[in-house]
Amino acid sequence: MSNPAELQYTKEHEWVRVEGDVATIGITKYAADALGEIVYVDLPKVGSSTTHMKICGEIESTKSVGELYAPMDGEVVEANDSLSGSPETINGDPFGEGWLVKIRFTQLPDLLSSSEYDAFIGE
Amino acid sequence: MLRTPLFDEHQGMGAAFTDFGGWEMPVRYGSDLDEHHAVRNSAGLFDISHMGEIRIKGEAAELLDYALVSKLSGMKDGKAKYTMICNADGKVIDDLIVYRIQTDEYLIVANAGNRHAVLVQLLNAAEHFEVEVTDESEQWVLLALQGPKATSVLNEFVDVDLEPLPYYSIASGKIGQTEVLLARTGYTGEDGFEIFIPDTEALKIFRALAVREEVRVCGLAARDTLRLEAGMPLYGHELTLDVNPFEAGLGRVVALDKDDFVGKVALEELKTQKNWKLYGLKGEGKRAARAEYEIYLPGGENPIGQVTSGALSPTLGYPVAMAYLDGSLELEIGSKLEADVRGTRIGYEVVELPFYRR
């Protein structure tokens with residue numbers, strides 16, 4: 001398992017890809033594996049605002065519920081609606097097709113590099 | 001934490017592990033949904049060596065009639081029975097499967113986390129009988145091969161014909177040169193076997209079964225959703241020291257017509273009370289109410305009970321739950337309820353248990 005070097009990470013096991021003032025958010029493979037097969041995703045609505053470290057969604061597997069923490073202040077500009085029909089995409093391709101939301105952010109908090117995140121999860 | 005003799009094998013297969021009853025057990029090897037569906041459609045192989053095995057010899061029938069709530073002396077040789085061991089207050093210490101090996105010899109399978117409590121209870125009761133109680137848990141690997149193809153696959157390995165063996169029976173046989181016990185029991189709602197194998201011989205048998213095309217190796221995540229769909233209780237959830245067998249809907253296993261037995265006086269009293277009753281619930285949408293979530297009457301302000309187990313059913317596609325609800329309400333099938341799923345009320349209705357029947 002490898003965490004892509006071009007992404008940044010949070011201690012809540014989310015990844016962040018920054019392009020201009022929009023950040024794409026997903027959960028890491030480590031988080032997806034820990035949850036098990038994902039069966040339901042509740043994502044924030046487009047246009048809703050997010051607050052750093054506030055819960056903005058939920059990810060459920062057969063065995064557990066994971067909360068999605070907003071990694072930054074901003075506004076949701078896109079949500080990956082295809083996940084409602086096939087939430088298991090998050091398990092299969094967590095860093096790609098399994099992305100969750102795009103947030104237009106006002107300010108970026110400190111994020112972890114891939115090597116820092118590797119160390120955080122003990123890889 | 002305790003590990004089964006097959007731990008290294010599971011690790012080598014890439015299993016993720018979880019703590020269950022003090023044991024470090026495989027929770028899944030890959031996709032727990034695929035493992036679940038494999039059991040419903042073909043066959044799944046589980047290492048359930050965390051379960052405890054206790055053998056009773058001598059006045060075993062007499063001891064068990066006294067220590068457990070069912071009438072075990074009436075069993076025929078080679079039969080299995082689902083029963084419970086209660087304390088003097090009529091509360092459930094554990095649920096058990098009891099196998100009658102022969103007239104004066106029984107084998108009991110207890111839950112991992114309750115093995116010692118069951119053993120203590122049996123040893124205390126054993127003072128009144130000419131009986132030998134032996135904890136054999138460390139000597140056995142217990143594998144479960146479950147699913148519509150389990151019997152045909154296992155039949156190719158054993159020297160006895162398993163097809164005619166009735167459900168809830170046990171037979172001895174050989175796999176290669178290894179003497180094993182083959183019980184047609186399980187915890188998935190499918191046909192299948194639980195196979196008792198001497199620990200030193202288990203790895204090669206596990207491997208031989210695991211490589212079969214029809215067989216998928218499964219973890220405890222799938223085992224839990226399978227047993228939930230089949231409406232089977234899990235100790236620590238539906239059964240605890242706070243409930244009695246009648247509340248759990250398992251009054252049928254209590255033989256109140258027996259002579260004195262542990263818990264009899266309390267159970268006679270408890271039979272007429274229904275403080276709580278275990279219900280099966282079916283939810284709307286895809287969000288599952290899970291253990292400890294509260295249940296309400298529609299629009300109700302005060303909870304009428306709590307979920308003990310809940311998940312989005314992989315087989316049925318909707319959320320299912322078992323819940324203890326106020327027994328005085330006497331809810332009927334179809335009654336509308338609500339679950340508080342992390343701050344949102346989700347519609348549920350009372351349905352028959354089990355949710356799934358093969």
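Begin by selecting strand β9 of chain B, residues 140–146; seven of its seven residues are buried, so the strand is largely enclosed by the rest of the structure. The model is predicted, a point to keep in mind at every stop.

Display the side chains of β9(B). Trp140(B), Leu142(B), Ala144(B) and Gln146(B) point one way, while Val141(B), Leu143(B) and Leu145(B) point the other way. In β9(B), the residues on both sides are buried.

**The neighbours of β9(B)**

Four bridges join β3(B) to β9(B), and the two strands run antiparallel. To see one pairing, select Phe46(B), which stands opposite Ala144(B) in β9(B).

**The nonpolar core**

Now select Leu64(B), Leu143(B) and Leu145(B) together. Among the 132 residues of the largest nonpolar core, these three touch the most other members. Domain 1 and domain 2 of chain B both give residues to this core, so it lies between them. As a general rule, nonpolar side chains in soluble globular proteins tend to be buried together.

**Helix α3(B)**

Seven of its eight residues are buried, so the helix is largely enclosed by the rest of the structure. The buried residues are Ala60(B), Ala61(B), Leu63(B), Leu64(B), Asp65(B), Tyr66(B) and Ala67(B). Against which elements do the buried residues of α3(B) pack? Colour β4 (52–58), β5 (80–86), β6 (92–102), β7 (105–110), α4 (115–126) and β8 (131–135) of chain B to find them.

**The two domains of chain B**

Colour chain B by domain: domain 1 covers 7–49 + 138–229, and domain 2 covers 274–351. Their centres, taken over C-alpha atoms, are separated by 32 Å. Where the domains meet, seven residues of domain 1 are in contact with seven residues of domain 2. On the domain 1 side, the elements that give two or more residues are α2 (32–41) and α7 (220–229) of chain B. The largest share, four residues, comes from α2(B). By class, this side of domain 1 has two nonpolar, three polar and two charged residues.

**Chain B as a whole**

Chain B has eight helices and 19 strands. Its C-alpha trace spans about 65 × 50 × 40 Å along its principal axes. A compact globule of 358 residues would have a radius of gyration near 21 Å, and the 20 Å of chain B agrees with this. Of the 358 residues, 47% count as buried. Among the contacts in chain B with a separation of 6 or more, 65% are between residues 24 or more positions apart.

**Where chain A meets chain B**

Show chain A as well. How many residues of chain A are in contact with chain B? Eight are, and they are in contact with 13 residues of chain B. The side of chain A that touches chain B has two nonpolar, two polar and four charged residues.

**Details of the backbone**

Select Met53(A), in the loop between β5 (49–50) and β6 (55–61) of chain A. Its phi is near 75°, a positive value in a residue other than glycine. Met53(A) is partly exposed, with 14 other C-beta atoms within 10 Å.

Move to Tyr168(B), in the loop between α5 (150–155) and β10 (170–175) of chain B. Tyr168(B) is not a glycine, yet it has a positive phi of about 60°. This residue is partly exposed, with 15 other C-beta atoms within 10 Å.

Finally, select Leu353(B) and Pro354(B), which are joined by a cis peptide bond with omega about -5°. Pro354(B) is found in the segment after β19 (344–351) of chain B.

Definitions and conventions: Residues numbered from 1 in each chain as written. Chains lettered and ligands numbered in written order. Predicted model: local features only at pLDDT ≥ 70, side-chain atom pairs only at ≥ 80, totals over all residues. Core = buried A, V, L, I, M, F, W, Y, C linked by C-beta atoms within 7 Å. Buried ≥ 20, exposed ≤ 12 C-beta atoms within 10 Å, placed from the backbone. Domains from an automatic or database assignment. Contact = placed C-beta atoms within 7 Å. Nonpolar A, V, L, I, M, F, W, Y, C, P; charged D, E, K, R; others polar. Rg over C-alpha atoms; globule rule 2.2 N^0.38 Å. Pairing = 2+ DSSP bridges.
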